[in-house]
Amino acid sequence: MTRRLRVLAACALLGLALAVGGGPTFARAAETTPAVTLVRGTLLTIERGYLVFTTGDAVRLSPSFVVPRGPLLGRAVRVSIDPQARLVTAVQFDPGDAGPQEIDASALPRDLVAVEPGSAQKTPQLAAQGASRPVTVTLNVRVPDDTPASDDVYLSTDR
């Protein structure tokens, strides 16, 4: 067999291998990478470019996202997040039953949670060493004007 025929035969075999799924491993790895992460949760708010779940976790919104009108607090949502850009690309309100590929907002991967630079922990080594210090937190609560002064006010979270 001449060299030219061997090269043509090798090319034909390579083409056949690619056609039946024997392509390079990088092509298969790209197929298994999810294009989006679907997160289901309850909406607390959408403001200043962030969507905040009632878990307290915030995710960044795509700059093209338009905030819908109407009440948002407490609505069920399905959020599509681009894991590469770490941006919300779509929000579906009142999405119905959960799909098998969706994750609950309480299990949101930490690398997708947006942290506002001002609230980021400044010294992560303190947490690793088990060091802690007391902090004072002030909560300003506004209740309806007709709320009796003797009524209790409750604050809750699922965290």
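These legends walk through several close-up views of one predicted protein model.

**View 1. The whole chain, from end to end.**
Let's begin with the overall layout of this predicted model. The protein chain has three helices and six strands. Starting at the N terminus, the elements follow the order α-α-β-β-β-β-β-β-α. Of the 159 residues in the chain, 21% count as buried. The chain exposes about 12,200 Å², and carbon and sulfur atoms supply 57% of that area. Contacts also reach across the sequence: among those between residues at least 6 apart, 60% join residues at least 24 apart.

**View 2. How confident is the prediction?**
The mean pLDDT of the protein chain is 73, and 65% of its residues reach 70 or more. Over residues 1-33 the pLDDT is below 50, and this stretch has nine contacts in the model beyond near neighbours in sequence. Where pLDDT is low, the predicted coordinates should not be read in detail.

**View 3. The largest nonpolar core.**
Which residues have the most contacts inside the largest nonpolar core? They are Leu-51, Phe-53, Val-59, Val-79, Ile-81, Val-88 and Leu-108, in a core of 17 residues. Strands β1, β2 (50-53), β4 (76-82) and β5 (87-93) are the elements that each give two or more residues to this core. Take a moment to look around Leu-51. Leaving aside neighbours within four places in sequence, Leu-51 is in contact with Leu-43, Thr-45, Ile-46, Asp-57, Ala-58, Val-59, Leu-61, Val-79 and Val-91.

**View 4. Thr-37 and Ala-35, buried or exposed?**
Thr-37 lies in strand β1, which covers residues 37-47. Thr-37 counts as buried because its relative accessibility is 16%, and the cut-off for buried is under 20%. Beyond neighbours within four places in sequence, Thr-37 is in contact with Val-79, Ser-80, Ile-81, Pro-83, Ile-103 and Leu-112. Now turn to Ala-35, in the loop between α2 (25-32) and β1. Ala-35 has 64% relative accessibility, so this residue counts as exposed. Even so, Ala-35 touches Ile-81, Asp-82 and Pro-83, not counting residues up to four places away in sequence. Ala-35 and Pro-83 are 48 residues apart along the chain, with their C-alpha atoms separated by 7.4 Å.

**View 5. A salt bridge between Asp-57 and Arg-110**.
Side chains of opposite charge can pair when their charged atoms come close. A search of the whole structure finds five salt bridges. One of them joins Asp-57 and Arg-110, with the closest N and O atoms 3.2 Å apart. Asp-57 sits in the loop between β2 and β3 (58-60) and Arg-110 in the loop between β6 (103-104) and α3, so the pair ties together parts that are 53 residues apart in sequence. Asp-57 is buried, with a relative accessible area of 6%, whereas Arg-110 is partly exposed, at 49% relative accessibility.

**View 6. A salt bridge between Arg-75 and Asp-94**.
The side chains of Arg-75 and Asp-94 meet in a salt bridge with an N to O distance of 2.8 Å. Arg-75 belongs to the loop between β3 and β4 and Asp-94 to the loop between β5 and β6, so this pair ties together parts that are 19 residues apart in sequence. Arg-75 is partly exposed, with a relative accessible area of 25%. Asp-94 is partly exposed too, with a relative accessible area of 48%.

**View 7. A network of salt bridges.**
Which residues are linked in a network of salt bridges? They are Arg-40, Arg-78 and Glu-102. The side chains of Glu-102 and Arg-78 meet at 2.1 Å, N to O. Glu-102 lies in the loop between β5 and β6 and Arg-78 in strand β4, so the pair ties together parts that are 24 residues apart in sequence. Both Glu-102 and Arg-78 are buried.

Val-137 is found in the segment after α3 (124-129). With 62% relative accessibility, Val-137 counts as exposed.

Methods:
Residues numbered from 1 in each chain as written. Predicted model: local features only at pLDDT ≥ 70, side-chain atom pairs only at ≥ 80, totals over all residues. Heavy atoms only, no water. Helix = DSSP H or I, 4+ residues; strand = E, 2+ residues; numbered from the N terminus. Buried < 20%, exposed > 50% of the residue type's maximum accessible area, 1.4 Å probe, protein only. Contact = heavy atoms within 4.5 Å. pLDDT = per-residue confidence, 0-100. Core = buried A, V, L, I, M, F, W, Y, C linked by side-chain atoms within 4.5 Å. Areas by Shrake-Rupley, 256 points an atom, 1.4 Å probe, with all protein chains shown as cover. Salt bridge = Lys/Arg side-chain N within 4 Å of Asp/Glu carboxyl O.
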